[in-house]
Amino acid sequence: MVDNKALFRKVFGSGIFEDYVGQLVLLSSPPPEFDPTLSPEVQKPKLDEIMKAVREDRELKLVETLKDRLQLCVEGKNDDLVKWANLEVERLSQEAFGVALLRVIGYIYTRKAAKEIGKGKRFLKILFVEEWLRDKRHTRKSRAAASSAAVSYIKLQEHWKSFDIGEIKDAKTSKEAKEIQDSMLESFWKMNVADVEMTLSHVCQMVLKDPSASKDVLRLRAKGMKKIGKIFGGVKAR
């Protein structure tokens, strides 16, 4: 069984995606507020608050980075933006889980940008409503997935501790251990990807609703964000 911290570094810890999603934090051990005897429904609000505090701390740093990247589109340098985005895909897709994370970033960028672009034009009002509803459904689903996965992940960790690695020899015990490992990895991925999606959503929202920017600048930012989103989301598996 790979150590939790080693697994986290393998999936999210190279730092190469830090400019997009910030520095992710591993929930490697139960927080003081966690009580394994309570039901997941009771635990969720506590874990929601912990994860929210972690996200908010890194979101402000990511807003300025995204603004700088979208400035190319604001200045009318669309070809330069497309060239840069394609180079980023080539660079980031070589990392462990790079393709999967690029698709997550691309999805959020595209959805958030489409929502803002539709909002500004009368004949696209229907598109705006559709994007708003889709965004609401996706956000609720992501939050529920993150909380449930976090509770599941911690409980599975506690269960794993009851195993003596040296005693996993017979087929039955080996199968049970493998099932726990698979469930931990699944919960681990869901928990962190949901966290990434919520971070990206909040950052996009702040960039596209920046009160210090004019409507024209915000519109161009949305167009640039959509371009990047489509390029990232279209990355091919290696």
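1. R221 is the place to start: this arginine is buried, with a relative accessible area of 7%. The model is predicted. R221 sits in helix α8, which spans residues 215-233. Neighbours within four places in sequence aside, R221 is in contact with K67, L70, V74, V207, L208, D210 and A213.

2. One of those contacts is a charge pair. The side chains of R221 and D210 form a salt bridge, at 3.3 Å from N to O. The pair links distant parts of the chain: R221 is in helix α8, and D210 is in the loop between α7 (171-208) and α8, 11 residues apart. D210 is buried too, because its relative accessible area of 8% falls under the 20% cut-off.

3. E64, K67, D210 and R221 are linked in a network of salt bridges.

4. How many salt bridges does the structure hold? The total is 8. Another of them joins the side chains of R69 and D19, at 3.7 Å from N to O. R69 lies in helix α3 and D19 in helix α2 (residues 18-21), so this pair ties together parts that are 50 residues apart in sequence.

5. A local pair is found within helix α8. R219 and D216 meet through their side chains in a salt bridge of 3.8 Å, N to O. Both residues lie in helix α8, 3 residues apart, which is about one turn of the helix. R219 is partly exposed, with a relative accessible area of 37%.

6. D48, E49, E56 and D57 gather in a patch of negative charge on the surface. E49 has its place in helix α3, residues 40-74. Is E49 buried or exposed? E49 is exposed, with a relative accessible area of 52%; the cut-off for exposed is over 50%.

7. Now the overall fold. The protein has 8 helices and 0 strands. Along the sequence the pattern reads α-α-α-α-α-α-α-α. Among contacts between residues at least 6 apart in sequence, 76% join residues at least 24 apart.

8. Last, burial and surface. Of the 238 residues, 42% count as buried. The protein exposes about 13300 Å², and carbon and sulfur atoms supply 54% of that area.

Key: Residues are numbered from 1 along each chain as its sequence is written. This is a predicted model: local features need pLDDT of at least 70, side-chain atom pairs count only at pLDDT 80 or more; totals for chains, interfaces and linings use all residues. Side-chain values use heavy atoms; hydrogens and water are left out. Helices (H or I, at least four residues) and strands (E, at least two) are DSSP runs, numbered from the N terminus. Buried means under 20% relative accessible area, exposed over 50%, partly exposed in between (1.4 Å probe, protein chains only). Contact means heavy atoms within 4.5 Å. Accessible areas come from the Shrake-Rupley method with a 1.4 Å probe; for residues, only the protein chains shown count as cover. Patches are made of residues with over 30% relative accessible area and no salt bridge: like charges are joined within 9 Å, nonpolar side chains (Val, Leu, Ile, Met, Phe, Trp, Tyr) within 5 Å. A salt bridge is a side-chain nitrogen of Lys or Arg within 4 Å of a carboxyl oxygen of Asp or Glu. Lys and Arg count as positive and Asp and Glu as negative; His and the chain ends are not counted. The place of a charge is taken as NZ of Lys, CZ of Arg, CG of Asp or CD of Glu.
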